[in-house]
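Visitor: I would like a close look at the charged side chains that pair up in this model, and at what surrounds them.

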Amino acid sequence: MNFKKLGIIITREYLNKVKKKSFLLITFLTPILFAGIAILPSLIMFGAKEDTKTVGVVDRSGIVLPFLEDNDVLQFTDLGPDADVDSFKADLGAAGIDVLLSISPIDSLEKTVTADTYSEKPLGMDTGSGIERRINDAVEAYRIDSYGIDDLEQIMQSVHSNVHVHSYTIDKSGNENISESGVYMAISMILGMMIYIFIALFSGMVMSSVIEEKSSRVVEVLVSSVKATELMFGKIIGVALVALTQFLLWIVLTAAILGIAGGIIGMDKILAVGSESVEVTPMGVHPDMGMDMGVDMASIQDAMAAPSDSVATAEPTGMQAVMSTLGNIKLGEILLAFLLFFIFGYLLYASLFAAIGSGVENEGDSTQLQLPVTIPLMLGFFVALYAFKAPDSSLVFWFSMIPFTSPIVMLARLPFGVATWELILSLVLLVGTFIGCAWASAKIYKVGILMYGKKSSFKDLWKWLKQK
């Protein structure tokens, strides 16, 4: 292989990509998108406040009205227990109310009430949940009083427990470090998704570039001056340099945008999401939404926002625990592993996509050939999403060793701690598989790049591979 010619091809491929308007557009718009994802939940939380609504109350139970206290969202008006609900329903505006709340008499058997609301427009979550919560408080207080036990409410409050388990990891020197599982979970999912997106995106870019040159017959001119294998590896390495350039620019620009936004909006407001009365986590997810994946989203919320009435203790809590956990993570090791697994994972898939691109004349014909390559990539992505549940389980371990899934799954395991020998073995297997696939892809590329007029199949690729 002529390294001088290889360098010329790499330079050509790199400059062709970075000079395109699409590259500049994606490079500068993506950090804005990343920063927006981080900031928008905060802006939405503070901006999406409901207008104050006047609620007319017909309380036939006699127990709910004392619990209906006014706030910024709800203003309650007593219409009297004998008010005609139907007449108010006919024209809410004439009565000067936005919502009509009708509460039934007490069911003496079940010790509860039923409640109905009537409004011209559907109620927002804040309004509906606010009314419902107050009615439930009233019913609970009524039930407590019905037992006739002195100070029962205080007794029940004193019995209620809210123990928070402080997790610590112990290093080889016996030092204890605070550990919040929610932080590790977030980093695990972010790393897994990032490396999946980057590998899929830039490997696909290699295939598109190969197809473009083949369909335009430019490749015929190029292979008259350089070997087909030099052209393939030059294209792969050139796109890899484009990927690294774009990745570094994304990090720098995203950090700059977040820093500027934090200075204007205030980092305290950005980090305050989750401390609102509405049950929204710092990631903008309702706690119940994590149950399908077995995630206790409430624990992440507790880790990100300390309760306002918490008692100061010696142990780090809330944001202190999060920052302490981040400080104990070996970020240098994670960044190095990310770089190595991304480079060799990309090289592995880019070589396969280059071979696929050489066998077709347009991207529509490549769908069938891409399927066996994209399936393991997607499997790795889905396993990585669940790796935080059991990072040392047999399934996750083996997927972090199989070269076609290891770049994604190993990165998802890394925040939870991975033995050095596992990292080395996984990387060695990945590099070895890349070398084998690159050799096979080069043989296919050398023949396929000059084949025209026929839609290639796996049988054709196999035949080209066996040619000497």
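Visitor: How many salt bridges does the count come to?

Guide: The count comes to 3 salt bridges. A salt bridge here is a side-chain nitrogen of Lys or Arg within 4 Å of a carboxyl oxygen of Asp or Glu. Side chains of opposite charge can pair when their charged atoms come close.

Some ground rules come before the details. This is a predicted model, in which local features need pLDDT of at least 70 and side-chain atom pairs count only at pLDDT 80 or more, while totals for chains, interfaces and linings use all residues. Residues are numbered from 1 along each chain as its sequence is written, and side-chain values use heavy atoms, with hydrogens and water left out.

The setting is a protein chain of 17 helices and 6 strands. Helices (H or I, at least four residues) and strands (E, at least two) are DSSP runs, numbered from the N terminus. Of the 468 residues in the chain, 42% are buried. Buried means under 20% relative accessible area, exposed means over 50%, and partly exposed is in between, with a 1.4 Å probe and protein chains only. Contact means heavy atoms within 4.5 Å. Among contacts with a separation of 6 or more, 69% are between residues 24 or more positions apart.

Begin with Arg-413. Its side chain meets that of Asp-392 in a salt bridge, at 3.2 Å from N to O. This pair links distant parts of the chain, 21 residues apart: Arg-413 is in helix H15, and Asp-392 is in the loop between helix H13 (367-386) and helix H14 (394-399). Arg-413 counts as buried because its relative accessibility is 1%, whereas Asp-392, at 58%, counts as exposed.

Arg-413 also forms a salt bridge with Glu-422, at 2.9 Å from N to O. Both Arg-413 and Glu-422 are buried. Through salt bridges that share partners, Asp-392, Arg-413 and Glu-422 are joined into one network.

The remaining salt bridge pairs Asp-86 with Lys-89, whose closest N and O atoms are 3.6 Å apart. Both residues lie in helix H3 (residues 85-90), 3 residues apart, which is about one turn of the helix. An α-helix has 3.6 residues a turn, so residues three or four places apart point the same way. Asp-86 is exposed, with a relative accessible area of 53%, and Lys-89 is partly exposed at 36%.

Return now to H15, the helix that holds Arg-413. Two packed helices are described by the angle between their axes and the distance between the axes. Helix H15 (residues 406-413) packs with helix H12 (residues 331-358) at an angle of about 170 degrees, and their axes are 9 Å apart. Axes are lines fitted to C-alpha atoms, for helices over the stretch in contact, and angles run from 0 to 180 degrees between N-to-C directions. H12 and H15 are therefore roughly antiparallel to each other. In this scheme, angles under 35 degrees are roughly parallel, over 145 roughly antiparallel, 65 to 115 roughly perpendicular and the rest oblique.

On the H12 side, Ile-334, Ala-337, Phe-338, Phe-341 and Gly-345 make the contact; on the H15 side, Ser-406, Pro-407, Met-410 and Leu-411 do. These residues divide into 7 nonpolar, 2 polar and no charged. Nonpolar covers Ala, Val, Leu, Ile, Met, Phe, Trp, Tyr, Cys and Pro; charged covers Asp, Glu, Lys and Arg; the others, Gly among them, are polar.

Another residue to look at is Ser-441 in helix H16 (residues 420-448). Ser-441 counts as buried at 2% relative accessibility. Not counting residues up to four places away in sequence, Ser-441 touches Met-232, Ser-351, Leu-352 and Ala-355.

For a further comparison, take helix H4. Its buried residues include Ile-131, Arg-134 and Ile-135. The buried residues of H4 pack against strand E1 (53-59), strand E2 (74-78), E3, E4 and helix H5 (152-159). The loop between strand E3 (99-103) and strand E4 (115-119) holds Lys-111. Lys-111 is partly exposed, at 29% relative accessible area, and its phi is near 55 degrees, a positive value in a residue other than glycine. Most residues other than glycine have a negative phi.
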